[in-house]
Amino acid sequence: MKRKKKISVIGAIIIASMLAGCSNSGGTTGNNTEAPSVSPNKENTGESAAPSAPPEAKLRLLTDFKDIYPPKPDWAVWKWVKEETNIAIEQETWTGPESLALAIASGDMPDLFTVFPYDAQKYGPQGAFLDLSKHLDQMPSVKKFLEAKPEVAQRMTSPGGEMYHVLNDGLGAGNLMVWFYRDDIFAKHNLQVPTTWDEVYETAKKLKELYPDSYPFSFRHGVGTLRSFGPQFGIYPYMHEDPAAPGKIKYGATDPGFKVMVEYLNKFYQEKLIPQDWLSMDYKAWTQQVATDKTFMTIQYIGQIEIMNSQLQNGAHLKFMPPPLGYGDKAYIPKADYEDYGIAVSSKTKNLDAALRYLDFIYSDKGKDILSWGKEGETYAIENGKRKFLPQFKEPNDLRKELGIFTSAAYGFADIEASLSLSNENEKYSFQEAMKYQFPTMSVTPVLTDEERNAIMAIEEQLTKYYESSVAKFIIGETPMTQWDSFLEELNKIGAQKVIDTYQVALDRLKQNIK
Amino acid sequence: MKSPSIAKQLKRDRAFVLMFAPVLLYFILFKYVPMFGIVISFMDYNLFKGITGSEWVGFKYYAQFFENRDAFVIIKNTVLLGAYKLLFGFPAPIVLALLLNELRHAIFKRFVQTVSYLPHFLSNVVVASMLIMLLSPSTGWVNRIIEGLGFPAISFLQESEWFRSIYVLSEIWQQVGWGSILYLAAITTIDPQLYEAARMDGAGRWKQTLHVTLPGIAATVVIMFILQIGHALEIGFEKVFLLSNAATYDTSDVIATYVYRVGILQGGFSYATAIDLFMGVIGFLLVYATNQLSRRLGETSLW
């Protein structure tokens, strides 16, 4: 086994050096390809006749694990990456939310990680990730991308100007959390699509009468789902920039709208209109309910509408529903036309050049094209001058599942058109409609310095725990709503104000930097 | 008489020494070497500067833990879970062993024994998902039965007052059969003549159990008790973590889950180490105290 591996590695090296030799001798055409950084803009649009093959390298990549498109080692995206950059990607996946921290702590770090900005900014300053701002010259395409997208650059830059990761872009729309409903059931019983939470309640009651063992309305992220309900009540539950007073941090849980939301959910729970085990529901339980006529209104990622529709039978069908108004004067869904996921490079990587080359490739025009569409003949054909995916790819998720397109770290800047070209009318309609209802501000907290973060870390942990357990108890009726004021008081006692103030300082700094 | 020198002894017993070596190595490598890691609880540990480069901060993280308003609740939850586990979980295998001992039908006895210790081999993840399914208010059959009897369904896993009972009961179910093996073995060492003598004196089955079997295994029981005390505060992380949710934090947040949240998810390694070391010290004190007590009351003790 071991010997075989060794031989193949040696073989690969020999072949690679032969290739390099050939192309060097063929490179007398005067084409300068040695350093792409010299002529950044033109080089990447060149055809496959790149005269010198880049050195062969292998990169270990740690990503999250998604049930709906479990990673496969033979995904075509990794093959294309290999063809274009001569880099072999070895993908490893998380086993749980602690995997990233453990990978860093163990010292056996992969070369590349998928990370959330929060993790990048926490572990980066400690020395886990490379400060990419110092290497932008080696990554002309990344540089170009960031210049074109200052709002993305801003979210990934630490207060000191360091960049511990590069954020993905292009597929933000896929993160939209939208309401949808069973239009066939609604039509059958002549029910109107609810436009307010009151109507959601009334409709759910009628459905409960018609289907006594159903839970007409369901959601599957436990207390976390309140983040998706919030915009129908004018807030996000945690700290965010207040759309009513730009530049000010707001703590949504203390808003009157938030209380109204919890009251609704409490009523839904008491009357068994939402699943009684909503705190412990997972994806599987949720799909089962949707697929077996146990729920008729729900909130989920926009892509799930079609994923579920393809599983439903006997005329059952799901359709996008505008968010119902709960409090205030306009109902929204969480703002999501941005991506909250990025790629970081290990500070200990032994393949720095390859890692930078990889990042540069996935943000280049050519990389964007190949990693979004694949290759002509292999994944798509050109019909009437337009690209069309081959018939075996039926829905957007097939691209992810079968080819690895648009999966974590397999793209930098995605061309969403590729995904939309496979959408059916119903899904196109969902995207079009959903875009109209986005909350004006993002549900993200501004970037903190290391010092600021350490100062509030313990308070935030307590705040989150107290908030989660209290809200859960209000909803299941263990704590009566009359105790709401003491809940607010307690949040203050824990130190909510200090956290708000800290984020305010950070937001001010951010606004200052933009000017 | 002078005993032979150490070198000579080693040479003489080299076969035993060789057999012992792997165990010794195991303990040094996996139990003693990692102990040096606890120094990071007195430092502002930075993963990349390492132990030599990180700054010493003394008891800062210990103080931070006790300033935390949740500290008391977490310690209380851990201690209570441990206490209940000991109180109900410790006698269970003894009772089971005594009952099994009274069974005369050999095949039936073996069958019961096998079935009772099977759950020991189930992973906690499996046990937790079984519990979630069984106790579900909509589909679980525990609630079907409750509803069948005319009572309203109970959301067992969403009500914090149920958490401890569910945890302790499932723990007993998992461990009772396995734990009884040791006591059954101890029972077989009791001299049959004692039972004969008791029967001569007119003792029935109950009296025999009370006056022969129980005293016969008393030494084992005491040693097991002292060992269990040491484990009392080691509440298995996985099961608590898998069974808890936001609504039950009041009773289900224990040291292990707290350390997971702040230490691993948030990356506060020093802080988490401090808490764990503190609990380790308490566990050690408990074992020491029990051992002293037992030595004073009887002859049995660990050391």
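A salt bridge is a side-chain nitrogen of Lys or Arg that lies within 4 Å of a carboxyl oxygen of Asp or Glu. The structure described here is a predicted model.

**Salt bridges**

Over all chains, the structure holds 36 salt bridges. One of these joins A:Glu402 and A:Lys72, whose closest N and O atoms are 3.6 Å apart. This pair links distant parts of the chain, the two residues being 330 residues apart. A:Glu402 belongs to helix H16 (residues 396-403) of chain A, whereas A:Lys72 lies in the loop between strand E1 (57-63) and helix H3 (76-85) of that chain. A further salt bridge is formed by the side chains of B:Asp253 and A:Lys465. The two pairs are set out below.

| A:Glu402 | A:Lys72 | 3.6 Å |

**The interface of chain B and chain A**

The contact draws 32 residues from chain B and 35 residues from chain A. About 2,800 Å² is buried between the two chains, and carbon and sulfur atoms give 54% of this area. Five salt bridges are found across the interface, together with 10 residue pairs in polar contact. On the side of chain B that touches chain A, the elements that give two or more residues are helix H10 (160-188), helix H14 (249-252) and helix H15 (255-265) of chain B. Of these, H15(B) provides the largest share, six residues. By residue class, this side of chain B comprises 13 nonpolar, 12 polar and seven charged residues.

**A helix pair in chain B**

Within chain B, the axes of helix H4 (residues 60-67) and helix H16 (residues 269-297) come within 9 Å and cross at roughly 75°. Angles of 65 to 115 degrees count as roughly perpendicular, and H4(B) and H16(B) are therefore roughly perpendicular to each other. From H4(B), the residues in contact are B:Tyr61, B:Tyr62, B:Gln64, B:Phe65 and B:Phe66. They meet B:Ser270, B:Tyr271, B:Ala274, B:Ile275, B:Leu277 and B:Phe278 in H16(B). Nine of the residues in this helix contact are nonpolar and two are polar, with no charged residue present.

Conventions. Residues are numbered from 1 along each chain as its sequence is written. Chains are lettered from A and ligands numbered from 1 in the order in which they are written. This is a predicted model: local features need pLDDT of at least 70, side-chain atom pairs count only at pLDDT 80 or more; totals for chains, interfaces and linings use all residues. Side-chain values use heavy atoms; hydrogens and water are left out. Axes are lines fitted to C-alpha atoms, for helices over the stretch in contact, and angles run from 0 to 180 degrees between N-to-C directions. Helices (H or I, at least four residues) and strands (E, at least two) are DSSP runs, numbered from the N terminus. Angles under 35 degrees count as roughly parallel, over 145 as roughly antiparallel, 65 to 115 as roughly perpendicular and the rest as oblique. Contact means heavy atoms within 4.5 Å. Ala, Val, Leu, Ile, Met, Phe, Trp, Tyr, Cys and Pro count as nonpolar, Asp, Glu, Lys and Arg as charged, and the others, Gly among them, as polar. Buried area is the accessible area (1.4 Å probe) that two parts lose on being put together, summed over both. A polar contact is a pair of N or O atoms within 3.5 Å; within protein, one must be able to donate a hydrogen and the other to accept it, and residues adjacent in sequence count only if both atoms are side-chain atoms.
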